[in-house]
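Here are my notes for your first look at this one. Have the model open while you read.

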Amino acid sequence: MRQGLRVAQAGAWIALALAVQLSAAPAIAGPFSRLQVLLPGETAAPGTPSGKTGTPTAQTAGVPFYATVRACDSTWTLVSTVTHTIRILSSDASASLPAAAQLVGGTGDYLVILNAGGNFTIFAHDQSDVTIPDGSSSLVRSIVLQSLEISSIPTNQTAGVPISVSITAKDPNGDVVSGFSGNVLLRQLTSFGGGRISPATVSLASGQWSGNVTVYRADETSPTTGNVSVAAEVQGHPTQSGSSNSFVVSPGPFHRVQIVAPGETPLPGSVSGITGVPASQAAGQGFTVSVYATDDYWNQVSSSHGVQVASSTDPADTPVNGSLTAGFRQFTFTLMTVGTQTLTVTDQSDGTKASMTSAGIQVIPNATDHFSFAAIASPQVAGVPVTVTARATDSSGNTVFDYNGDAVLASNAGSGTSTPSLITFVGGVWSGPVTFFGAGSSVRLSCTDFSSPARTGTSGNVVVNPATFTKLQVILPGETAKPGTADGKDGTPGNQTAGTPFPVTIRAVDAYWNVVSGIGDHVQVTSTDPFAGIPADTTLVSGQLVFQGRLYKSGTQTITVHDLTNTGITDNTSGNVTIVGGAFSRVMVLAPGESPAPGTVSGRTGAALDQSIDYAFTITALATDQWWNPVTGPTDVVHITCGDPLAQVPPDQAMVSGRADMTLKLATGGFQNISVSDATNPAKTGSTTQVRAISSGFHLEASVAPSTTRAGDFFTLTVKVKNNGGAVITEINSFVTIEVRNASGAAGRGTLLTPQFQLIQGQRSVSETYTFSEPIILVAHDDAGNAPATSNIITITPGPPAGIHLASSPAWVGGNKHGTLTAKVVDAYENGVPDRPVSFALLSGTGTLTAQDDSTDASGNARADFLSPRIQETDRIRASSGGFTQDLDVKVAYVDPTAAGGYVTNYPNPFHAGTEATTIAYKLDDLATVTLRVYTNSGSLVRRVVFDRGAPGGSPGLNNWAWDGRNGKGEVVASGGYLVLIEAQGQGGTLNVIRRKVAVVR
C-alpha cells in the first residue's frame, strides 16, 4: 500500500512539472500557410484575428520605407524554417519596388518607395510555392511633398548675423505634409553665386522646422530689393524645394586684411576667403599680389589704411608698403629663395586688424645663370680624392633643379691636372670625387658648360700639397714644368750646339710631378752621349738643382738621372734633345771595328780588327767638326798614307757628302799606321789609326735573326768569311751549303728555302723559310775549305691554321664501345697549331659524342670520346676550327670491316640456348660452297648446315648464320663449349677452313 502511494505521488510530481513546462513555452507554429505584411506603425500579434496591432504611418511620396514580410501559420504565428523567395507588389503602379529576395528565419524587410499620392496596399507573393496566397498590407496613405515654404526674411541683413526662419513641407494643395520627417539642405544664393550658410542641413519633423540660419556672403548689388535668398531642398530630391524672398546682406565692420596671390581668387563668405592655389613663382622675378580690407567673413569693405606685405620664410625678401584705396591695393613682390615661401599682410594703421598669411608659394629657380661650388676642405694632398659638390644656380644663387647637362671641370693648375674633366649635372647638382694632381697654394676648380654664351663658376682657393717623393724629373731648355699633367711638363727640348753649355734642371717630384721640397738626395747623371760634359753625380737642394751641361755627339741624345741615396726612387730620362754639330774642321779615318766617338780625344771608339796580309779591306774617311761629329755635305779630296811601304794604298778620292770608302791592302805583318789628310784644304786637321796585319787562316761565321719565327715565314741568315782577328775577307766569294739540324743534333725534318748560295765580298745575307715546327741550327760549309760555322738556335713555330684533320682510334668501333676521335689543326706544312678552338658535332647516327678538349694542345690535337650504339650503323662526325671543317664516317660493326677472308666471330658469346640465338659471322675471299658444322668438345656432331655457292652464306665478303642453340633434331643443347667449323670449297679447291669456339649457357 505504501509502495503504491509512493508511486502515485511520484507520478503526480512528474505531471505537475510537465504542466509548468507547457505553460511557459512559446506557441508552437503550425504548418506554413500564409504571408503577413507589416508596415511602419504596425506590430505582429500572433493568435489575434488580424495577426497585428497598430495602424500604418502615413508615408511621403518618393521617400523610402521598409515593409516587413513574415511566413505564418493559420494563427499568424511565425514559421521560422521558411526561406522562400518573396516578390513585393503594390497597388501604386508607379511605386519603386525591390527585387525578389529570400526570407531568413521566416521573415524579411523590403525597401519600398511610393511615388503617387493616395491610399495604397503592399502585397507579398511567394515565388517558391505558388499555392501560398499573397499577403496584403493594410492601406497606407502616401502624401506628395511638392515644395518647401520658407518664412519671410526682413530685407536688411548683416553677414554673420543669425536670421530666424521657418521651413514647412507642402503638398500640391498647400497643406502641410505632416507625415514628412527628413533632412533638408540649405543654400545661400547671391548675384555672385552660392554663398556659405549655417546650418547647411536641417531636419524637418512632422513637416516643419523653425530656428536660426546665418548667411556669410555680403551682396549689396540691389540695395532696394536685394539679390540674396535662402534656398531649401529635400535631401536626395532636388525637385522638392523652395526659396525665400530676396533680401540684402551687408558686410560686417572692417576686421581683417586679406592677401591674394596669383593663382588665387577671393571668395567672400567662405571659410578661407580664397579659392585656388598660389601659382609657382621664379626666384628673383617680381609678381603681383592683391590686398583687401574685409570683415570677419572676408567680405570686402572700404578702407584707406596703410598695409605692409612681407615674407617671414624668405630671408632674402624686401617688404613692400602702401595705402589701400577703397579697401584694395596691388603690390609687386619678389621672392628670392627657392622652396615654399609665404607672404603675410599686416595693417600698419591699426594693429587690432587681423593679419593674414598666404598659402605656400612654390618658388622655383630662375634661368640658370652660373655654377656654384660648396666649400672644399683645405689643405688637400695631390692624388687623394675629395668630394666636391657643384650646383647650377640662378642669379640669386638658387639651385636650378631642372638643369641637366654636361660641363667641363678643370683646375687652374693647368689642363689635365685634375679629374674628372667632364661631369654631368642631374637635377641641377653634381657631386662626386675630384682628384687634384697639380699642387699649389691657391688651386681652384672651374666649371664651364657648353651653352652659348657659356655659363661658368669657380670654387674657392684650396691648398694642395705634394704627395710623397717618388721619382725624379729632368727639364731641358724649351720645356716647362707642368705639375699634375701626364708627363709633368710642356714643350719640347730645343736644339743645342755640340760642346756649348746649356742649363739642365733636376727636380725631386711626387707621383704627379709636383716638386717635393726638403729633398737633398745624392743623384747620378748620365747621357746617351757617352762623352757628355755633365757631372757624374751631384746633390739636390730643397728638391731641385740646375747645372750647366755639354753634349758633344750630334744627333738625338737624352739625359738620365738616378737617385743614389734612395734606390726606391724612380729614374727619369729627359726628352730627346737634338745636338747640332759644328762646321767642317777635321778629317777622320776609321778602320773596320772602329766607329765615331764625338767628344773624345781621338774621336773614335772600338778596336781596329786585324787584317789578313795581301787581302783588301775597306777604310772610311769622314769629314767632322772639332768634336769629331760627322759633317755631311763636304766633297773635299782626301789622301791616304800607310806605314807599310809595300801596302797597296788607294788613290786620292773625293768625299761624297762628307764620306769616302776606300780599299787598302797590307803586305807587311805587324802594326801599321794609316793616316788621312785633306788634299783640297790642307789646313783641315787629319787623323791616324793603327791596324795589325796577320797571316792566320779563315773561318765561316753564321747567324740567324730573329730567334723565333713561324713555319713558312721569312728569317734572315747571314754568313761571313772572317780571319782570326774578326775581319771580313772581302775577296773570298765561295759557294756556301747550309745543313739543317734540330736541337738534338739530328737532321732537320723540314725544308729550307735556299740551301746553297754564293758569298759576295766575303759575306751574304739571304731570306730563308723553313717548313717544320722545331728548334733548329744552321751549319754553313763552303767550297773554299774554310772552317764551317754553326748559327744560333732559331725556333720555328707553327704557321697560321690552314686546315683540320679528323681521325678515329680504332678506325671502326664495336657495339657499345668507346673510340677516341682526334682533330688536328694544321698549318700549310702540316704542323699542328696549338691553342686553337675546336668543336665536335654528331651529324648523323645514334652514338654519343663527348668533347674532351675545346682547344688544341701543344701538338695541335683536340680529342673527343665516341660511345657507339648497340646497333650496326655509320655515324658521321664533324670537327670544326675557325673556318675549317672535316667530316669523318665511323663504322659501328660487330665484325671487323677491314678483316680479310677466313675471319670468323660470333655474338653474343656466350649465349642462352633456347631463348636467344648467336650470330656466327665469317668472311670469304670468293664464291664458295660452305659447310658449317657444330661439334661438342668431345667431337660429336651437333649441327650441320650447307650454303650453296653464291647464295647467302656462300658469297664473297661477310656472311651470317644465326644458331639458335638446337641440334639437328631441334633439341636445345646442353651448357658448355662448342666448336664451329666452317669449310669453304671453291671451284679450284678449298678456299678457307675457319674455326670458332662458342659457349652455351642454359
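1. Start with Glu-830: at 45% relative accessibility, Glu-830 counts as partly exposed (buried means under 20% relative accessible area, exposed over 50%, partly exposed in between, with a 1.4 Å probe and protein chains only). Glu-830 sits in the loop between β80 (818-826) and β81 (839-844), and has a positive phi of about 70° although it is not a glycine. Strands here are DSSP runs of E with at least two residues, helices are runs of H or I with at least four, and both are numbered from the N terminus.

2. A word on the basis: this is a predicted model, where local features need pLDDT of at least 70, side-chain atom pairs count only at pLDDT 80 or more, and totals for chains, interfaces and linings use all residues. Residues are numbered from 1 along each chain as its sequence is written, and side-chain values use heavy atoms, with hydrogens and water left out.

3. Now look at Trp-76, another residue other than glycine with a positive phi, near 65°. Trp-76 belongs to the loop between β5 (65-72) and β6 (85-90), and counts as buried at 14% relative accessibility.

4. Check two cis peptide bonds as well. One joins Ser-452 and Pro-453, with omega about -5°, and Pro-453 lies in the loop between β44 (445-449) and β45 (456-458). Another joins Tyr-907 and Pro-908, also with omega about -5°; the loop between β86 (904-907) and β87 (911-912) holds Pro-908.

5. Finally, zoom out. The protein chain has one helix and 93 strands. Its C-alpha trace spans about 170 × 130 × 70 Å along the principal axes, and buried residues make up 43% of the 1002 residues.
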